[in-house]
Amino acid sequence: MLRIDGDGLAGADFGHPMEEGMHEVIGLRAEVRGPHAGTRVLALDAGGRILDWISWQDAVCLYVRDAVAWTLGTPCLTVRGGTNRASGRQSVLELHPIVASTGHCRSHALDPAPALTNAALFARDRHVCLYCGQQGQRGDLTRDHVVPTSRGGRDEWENVVTACTACNLRKGNRTPQLANMPLLAVPYRPSWVEHLILSNRNILADQMEFLVGHLPRHRRPQ
Ligand SMILES: [Zn+2]
């Protein structure tokens with residue numbers, strides 16, 4: 001038995017006017033039609049604004065609560081639910097890769113700053129040390145503060161870069177100028193859409209096409 005919370009977008013505060021409640025779905029089973037079992041659904045608001053990745057279970061909640069405004073793309077997941085006692089038929093839900101829920105997100109929730117984690121930072125820099133240009137493994141990469149925190153540098157996207165352990169040690173407590181180690185790229189805060197692309201390794205073609213269409217022009221893949 002699988003119990004799903006009523007709020008289909010639990011954990012993401014986008015201010016949806018969704019009613020409280022619990023839905024019990026008996027014997028839910030998802031059959032993945034897409035290329036990977038880790039497939040997630042891209043949630044939008046009714047106005048087409050990009051919210052976040054949600055699990056297929058959360059997507060099912062939106063369908064069950066009749067909270068789906070519209071969808072995009074070819075169905076990517078088939079979810080088989082309980083059997084209806086009256087009809088004897090098993091319920092089947094076809095999930096689309098992009099689902100717009102009813103309701104609009106609050107304007108302050110647009111393009112929120114992605115959390116600055118090491119995983120997100122290394123993904124932004126494509127796992128390349130921004131001092132020597134070498135691609136590193138996760139265990140060999142560090143978060144370097146361009147202006148060291150001891151010199152008043154802040155722990156924010158615009159002041160941190162991926163650095164291999166050797167470069168980080170060599171640079172030490174200096175700025176790139178003082179260490180004579182120029183940066184290979186200027187650190188920046190990824191947009192929310194970039195963050196969504198970087199944080200999901202199992203993006204479906206329909207989803208990628210949609211997300212890339214929402215990237216700033218200069219950040220689109222050539
Ligand atoms: Zn390096």
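The protein chain folds into six helices and 11 strands. Helices (H or I, at least four residues) and strands (E, at least two) are DSSP runs, numbered from the N terminus. This is a predicted model: local features need pLDDT of at least 70, side-chain atom pairs count only at pLDDT 80 or more, and totals for chains, interfaces and linings use all residues. Residues are numbered from 1 along each chain as its sequence is written.

Of the 222 residues in the protein chain, 25% are buried. A residue is buried if 20 or more other C-beta atoms lie within 10 Å of its own, exposed if 12 or fewer, and partly exposed in between, with C-beta atoms placed from the backbone.

Next, the cores. A nonpolar core is a set of buried Ala, Val, Leu, Ile, Met, Phe, Trp, Tyr and Cys residues joined through C-beta atoms within 7 Å. The largest has 25 residues, and Val41, Leu42, Ala43, Leu44, Ala59, Leu95 and Val99 touch the most other members. Elements giving it two or more residues include strand E4 (41-44), strand E5 (50-54), helix H1 (56-64) and helix H5 (192-198). A second, separate core has 10 residues, among them Leu121, Cys129, Leu130 and Ala163.

Ala163 belongs to strand E11. Five of the five residues of E11 (residues 160-164) are buried, so the strand is largely enclosed by the rest of the structure. Val160, Thr162 and Cys164 point one way, while Val161 and Ala163 point the other way. In a regular strand the side chains alternate between the two faces of the sheet.

E11 runs antiparallel to strand E10 (residues 141-145), joined by five bridges. Two strands pair if DSSP finds at least two bridges between them. Histidine 145 has valine 160 in E11 as its bridge partner.
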